[in-house]
Amino acid sequence: MLKEILLQVEKPARYIGNEINMVVKKPEKVDIRFAFCFPDVYEVGMSHLGLQILYYFLNRRDDTYCERVFAPWFDMEEKMRENNIPLFALETGDAVKKFDFVGFTLQYEMSYTNIINMLDLAGIPIWSKDRSENDPIIIAGGPCAYNPEPLADIIDMFYIGEGEVSYDELLDIYRENKKNGGTKEDFYEKALAVKGIYIPKFYDVEYNDDGTIKSFKPNNEKAPSVIRKVIVKDMDKAFYPDKQLVPLIETVHDRVTLEVFRGCIRGCRFCQAGYVYRPVREKSTDRLLKLADFLIENSGHEEISLTSLSTGDYRGFKELAEGLIEKYADNKISISLPSLRIDAFSLDLMEKVQAVRKSGLTFAPEAGTQRLRDVINKGITEDEILKGCRLAFDGGWTRVKLYFMVGLPTETDEDLMGIVHLSDAIVEKFFEIPKEERKGRPISVTVSSACFVPKPFTPFQWTAQSTVEEFMRKQRYVKHNITRKQVKYNYHEPELSSLEGVLARGDRRSARIIVRAWELGAKFDSWNELFKYDAWVQAFKDTGLSREFYANRERSYDEILPWDHISIGISKRFFIDEMEKAKAGQITPNCRRQCAHCGAASFGGGVCFE
Amino acid sequence: MNNNIKYRLEFSKTDRMIYIGHLDMLKFLQRTIKKAKLPIGYSWGYNPHQLITFAVPLPLGMSGAGEIVDIQLTHPMDCNEIKDALNSNLSQGISVLKVVEMDFHDTSCAAAVAWADYYITLNKKFDDIQGTINSVMEKKEINIERVIKKKAKTVDIRPFIRYIEVDNDGEVTELCCNIATGSQGNLKPDVLLEYIYSLMGEDFDITKTDILRGTLYTQEKGVLVPLCP
């Protein structure tokens with residue numbers, strides 16, 4: 001039966017596992033079966049580094065078998081439902097419902113409907129309260145878990161922080177409890193002692209008449225009132241796999257991924273990742289070069305990429321990049337560089353690794369004027385961009401990509417015009433070069449603008465998001481004013497960002513919107529061709545919940561935020577100060593230049609102690 | 001000067017691996033070769049690629065028992081060593097069965113392949129299929145409309161069929177046929193089956209049919225010789 005189905009769907013290899021380096025264990029020989037679920041299609045999930053790390057981390061335990069599950073594409077889902085095939089794990093093909101743990105990674109808010117859909121396909125009740133002793137424990141982690149509330153009635157327990165820290169303790173407790181005949185309830189009680197674990201049912205929320213939160217309190221004396229994220233202190237000692245799953249079909253990123261460090265020193269005020277992963281913790285160059293060797297040897301990949309939030313900030317970057325080039329130049333292994341600050345060194349490096357093909361140059365000024373760049377603390381100036389472009393043009397690069405956001409706090413039409421002026425200035429910079437000295441193809445500048453989404457745990461967590469109509473007006477304004485034929489403008493449909501804005505800062509009641517939208521057919525929302533905006537609009541109507549309340553309302557500093565019981569180690573005071581500095585257009589230097597006393601030093605490691 | 005040594009590999013592709021298509025298979029083999037640390041030769045030019053030649057792609061969904069690929073190594077290696085190095089790195093469902101060293105000037109497997117055995121398990125039992133097959137074999141020509149490169153074309157497939165044997169002893173009908181495979185003449189088994197089904201007044205559904213490709217042959221002076229001797 002399965003064969004017949006697999007031959008009827010697109011890319012059947014999405015559902016068969018069997019990749020290079022897949023872990024094979026006998027399920028009957030382990031105590032704990034863990035289904036690692038990525039709520040998106042195979043090719044997206046398999047390109048995710050966190051999956052690769054946790055897969056091998058959990059599987060290094062003899063008592064645990066971690067298998068993978070991805071969201072079946074709609075053609076497969078249809079066949080599965082038609083033939084009553086429940087959601088299954090790739091390694092063994094066994095139904096997910098039989099597992100001890102079903103773990104979701106929350107990478108983006110617009111994957112939440114896929115979580116609901118996967119639970120439903122698995123035959124597991126959607127709401128936590130409806131599950132029985134026979135259902136798996138639903139656990140979730142990842143960046144969106146820092147505001148767990150929109151999924152608090154769906155997920156049984158959240159893991160706040162980096163997986164390497166507490167999973168062993170949690171699984172040990174689970175195994176002991178299972179052996180001693182304990183119930184799930186017993187396990188939850190014991191798990192309250194594990195650092196970084198948040199179990200929503202042990203907390204009650206009360207609301208004010210205006211819909212804001214009145215109180216948020218534990219209802220179990222063992223439940224901590226604040227759950228603090230757990231992070232790896234020393235990255236050199238942290239577990240990192242020496243191999244990687246190598247897919248049988250092409251995925252988004254088909255290469256070996258080397259994680260250089262965690263965190264980011266920059267402190268861009270819109271960027272949640274920049275705060276939640278603080279402090280910066282680097283791996284040593286020696287360790288990275290060794291890991292690179294293992295990964296290349298054990299995977300057969302022909303490309304290696306360096307991954308981190310702002311890889312160019314790695315202190316050993318030059319040494320690392322040159323080390324890799326020296327090692328692999330003759331070995332037909334290409335090195336994929338992250339976007340770097342453009343200077344003589346980085347251009348030379350790009351020249352070396354790119355050999356012949358000159359791909360585009362990328363800049364992310366994020367905002368069009370210096371004033372607004374100061375507001376968002378994006379430490380890049382127009383002068384730097386133009387100088388970088390000139391250097392690059394001289395080297396033969398002629399395609400420039402610029403990334404901006406619209407709808408940033410304090411933004412005016414003048415800032416939007418800044419986007420146009422900056423792109424024009426780059427084109428003019430190219431034409432400054434005498435005709436006979438110009439290299440490569442004619443200049444082309446591609447401007448992309450995303451819609452700003454205020455996120456929890458950023459200084460902008462209190463600000464109002466632009467409405468769909470406002471976003472559209474802003475995009476039209478930019479589009480209208482871009483007149484040079486060398487400049488191309490791309491922009492996203494704002495509907496998706498607007499919904500993301502609702503879910504990102506949602507509270508416990510928001511789950512009803514997600515489930516209702518799913519009932520109305522929403523899934524794979526981040527896939528343009530499958531996005532059903534109408535289902536979401538209807539979901540707000542049906543649940544009576546207001547999107548303006550969540551997305552477009554300015555919050556006051558003393559309002560209890562839905563995520564206030566989670567601590568990322570950075571004080572609210574710091575975020576308030578940053579917000580005030582933003583309003584005043586004052587910048588905050590990066591962590592290496594000057595400590596801003598955000599609070600992350602309390603983790604006792606990383607950049608705070610360099 | 002090219003001092004590469006050419007080896008011919010025979011391998012099987014079964015189980016879960018039938019769900020990857022030819023291009024993915026190529027990439028998978030490239031990675032396995034790299035992982036097995038074989039001294040693989042590379043082409044010259046801006047985008048060097050491994051010197052690997054498949055005899056003929058195996059379509060997604062079909063199993064193969066004797067698939068052939070030629071590879072070029074820059075240093076000589078013992079054939080069994082190559083086989084073991086690859087097999088210890090291959091996923092379940094693909095295994096190298098045989099490795100032989102070739103003369104560098106031997107025709108590549110892709111140019112040499114001419115015929116293949118196919119073992120086909122049909123979706124049900126057709127009691128009088130032998131009669132249909134007999135009538136097929138008695139025909140002098142069988143003209144079929146094929147769309148090739150977006151153009152409808154009439155092709156005579158009769159010369160591409162050497163024999164079709166019927167095994168009707170089991171619960172479902174099984175066929176074993178030897179048909180033209182390769183650049184000089186190619187008949188896809190599903191095209192043949194569709195034709196046979198149409199003669200029987202039945203609808204053919206490839207997803208309900210198991211197809212295993214067996215030995216691949218080259219033709220020397222009218223005689224069929226297995227590609228991997």
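Analyst: The model is a predicted one, in which local features need pLDDT of at least 70 and side-chain atom pairs count only at pLDDT 80 or more, while totals for chains, interfaces and linings use all residues. Residues are numbered from 1 along each chain as its sequence is written, and chains are lettered from A and ligands numbered from 1 in the order in which they are written.

Just after H17(A), A:Gly521 has a positive phi of about 105°. Helices (H or I, at least four residues) and strands (E, at least two) are DSSP runs numbered from the N terminus.

Further helix packing is found elsewhere in chain A. Helix H6 (residues 163–179) packs with helix H3 (residues 49–59) at about 30°, the axes lying 11 Å apart. Axes are lines fitted to C-alpha atoms, for helices over the stretch in contact, and angles between N-to-C directions run from 0 to 180 degrees. H3(A) and H6(A) are therefore roughly parallel (under 35 degrees; over 145 is roughly antiparallel, 65 to 115 roughly perpendicular, the rest oblique). On the H3(A) side A:Leu54, A:Phe57 and A:Leu58 take part, and they meet A:Gly163, A:Glu164 and A:Tyr167 of H6(A). By class, this contact comprises 4 nonpolar residues, 1 polar and 1 charged; Ala, Val, Leu, Ile, Met, Phe, Trp, Tyr, Cys and Pro are nonpolar, Asp, Glu, Lys and Arg charged, and the others, Gly among them, polar.

H6(A) also packs with helix H7 (residues 184–191) of chain A, at about 145° and with 10 Å between the axes. Here A:Leu170, A:Ile173, A:Tyr174 and A:Asn177 of H6(A) face A:Asp186, A:Phe187, A:Lys190 and A:Ala191 of H7(A). The classes are 5 nonpolar, 1 polar and 2 charged.

Among the strands of chain A, an open sheet of 3 strands has the order S10-S13-S14, with parallel pairing; strands pair if DSSP finds at least two bridges between them. S10 (256–259) and S14 (334–336) of chain A are edge strands with a single partner each, so one side of each has no neighbour in the sheet. From one strand to the next the twist averages 25°. Strand S13 (residues 303–307) of chain A is joined to S14(A) by 3 bridges, and A:Glu303 has A:Ser334 as its bridge partner in S14(A). Helix H9 (residues 285–299) of chain A lies across S10 and S13, at about 165° to S10(A).

A further parallel pair of chain A links strand S16 (residues 399–406) to S17 over 8 bridges, with A:Phe404 opposite A:Ser449 in S17(A). Strand S17 (residues 444–451) of chain A covers one face, A:Val445, A:Val447, A:Ser449 and A:Cys451, and leaves A:Ser444, A:Thr446, A:Ser448 and A:Ala450 on an uncovered one.

A:Asp564 lies in the loop between helix H19 (547–551) and strand S19 (566–567) of chain A. A:Asp564 is partly exposed, with 13 other C-beta atoms within 10 Å.

Technical notes: Two residues are in contact if their C-beta atoms, placed from the backbone, lie within 7 Å. A residue is buried if 20 or more other C-beta atoms lie within 10 Å of its own, exposed if 12 or fewer, and partly exposed in between; C-beta atoms are placed from the backbone.
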